[in-house]
Amino acid sequence: GVMTIRGCAYAGSKGVVWGPVKDMVHISHGPVGCGQYSWSQRRNYYVGTTGIDTFVTMQFTSDFQEKDIVFGGDKKLERIIDEIEELFPLNKGMSVQSECPIGLIGDDTEAVSRNKAKEHEKTIVPVRCEGFRGVSQSLGHHIANDAIRDWVFEKKDAEFEAGPYDVNVIGDYNIGGDAWASRILLEEMGLRVVGNWSGDATLAEIERAPKAKLNLIHCYRSMNYICRHMEEKYGIAW
């Protein structure tokens with residue numbers, strides 16, 4: 001990856017789309033440098049107790065060493081997921097954010113995620129956001145959106161009663177609390193904000209998104225992909 005403030009595909013996925021989802025643990029899978037780089041780069045404000053029901057400012061990394069490059073990191077990833085589940089049992093799920101070496105050595109993060117999701121009965125999302133896939137954040141946004149489409153939507157029955165004025169606010173990362181302000185204004189207009197992506201967001205908000213009537217996009221570049229998908233598949237305008 002290109003280690004600058006506006007980095008690579010990994011930075012776009014971990015730092016922008018997935019990182020602010022507060023009740024999931026996001027694993028930086030690879031050497032420690034990228035994980036450290038992503039830690040608190042953006043101030044995605046959230047409500048909750050860190051380490052209990054929110055994990056945004058915590059850093060989880062598989063800390064790849066040379067032997068992991070040689071022998072592969074699948075077993076290490078399995079062990080990490082088990083450890084996280086033991087130490088932080090209230091997490092609602094995990095994402096595996098792949099760094100460059102993961103794609104280069106061909107680790108099967110999808111198989112590990114699928115098996116561990118079944119074992120722990122949790123949502124575990126592998127995200128193929130290796131930095132070399134794109135030297136800007138933008139491709140990482142797209143890859144992260146596709147991971148939501150493939151690994152979150154329609155995987156669980158969302159316990160949610162839809163209403164006629166339900167909207168999602170898409171592409172607002174609550175950098176400075178702006179998502180909270182938007183929500184107040186929209187709800188005073190008579191709309192019900194059923195999901196905010198992804199500042200101060202929960203996994204449940206993402207799962208129930210296809211039940212909304214309208215998607216309101218704040219940051220077009222990062223989240224237009226998933227809105228196009230929801231329009232095509234569920235008929236939700238944006």
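**Backbone exceptions, cores and a helix pair**

Asp63 lies in the loop between strand 2 (60–61) and helix 3 (66–71), where helices (H or I, at least four residues) and strands (E, at least two) are DSSP runs numbered from the N terminus. This is a predicted model, in which local features need pLDDT of at least 70 and side-chain atom pairs count only at pLDDT 80 or more, while totals for chains, interfaces and linings use all residues. Residues are numbered from 1 along each chain as its sequence is written, and side-chain values use heavy atoms, with hydrogens and water left out.

Most residues other than glycine have a negative phi, and most peptide bonds are trans. Asp63, although not a glycine, has a positive phi of about 50°, and with a relative accessible area of 32% Asp63 is partly exposed (buried means under 20% relative accessible area, exposed over 50%, partly exposed in between, with a 1.4 Å probe and protein chains only). Asp200, not a glycine either, has a positive phi of about 60°; Asp200 is placed in the loop between strand 6 and helix 9 and, at 14% relative accessibility, counts as buried. In strand 6 (residues 192–198) lies Ser198, and the peptide bond that leads from Trp197 to Ser198 is cis, with omega near -10°.

Trp197 also belongs to the largest nonpolar core, which has 30 residues and in which Trp18, Ile148, Trp197 and Ile226 have the most contacts; such a core is a set of buried Ala, Val, Leu, Ile, Met, Phe, Trp, Tyr and Cys residues joined through side-chain atoms within 4.5 Å. At least two residues of this core come from each of helix 1 (9–18), strand 4 (123–127), helix 7 (137–151), helix 9 (203–207) and helix 10 (220–234). Domain 1 (9–152) and domain 2 (166–234) each contribute at least three residues to this core, the domain bounds coming from an automatic or database domain assignment. Apart from this core lies another, of 14 residues, among them Ile80, Ile81, Val96 and Ile124.

Helix 7 and helix 10 pack at an angle of about 30°, with their axes 8 Å apart; axes are lines fitted to C-alpha atoms, for helices over the stretch in contact, and angles run from 0 to 180 degrees between N-to-C directions. Helix 7 is therefore roughly parallel to helix 10, a description used for angles under 35 degrees, with over 145 being roughly antiparallel, 65 to 115 roughly perpendicular and the rest oblique. The contact (heavy atoms within 4.5 Å) involves residues including Asn145, Ile148 and Arg149 of helix 7 and Ile226 of helix 10.
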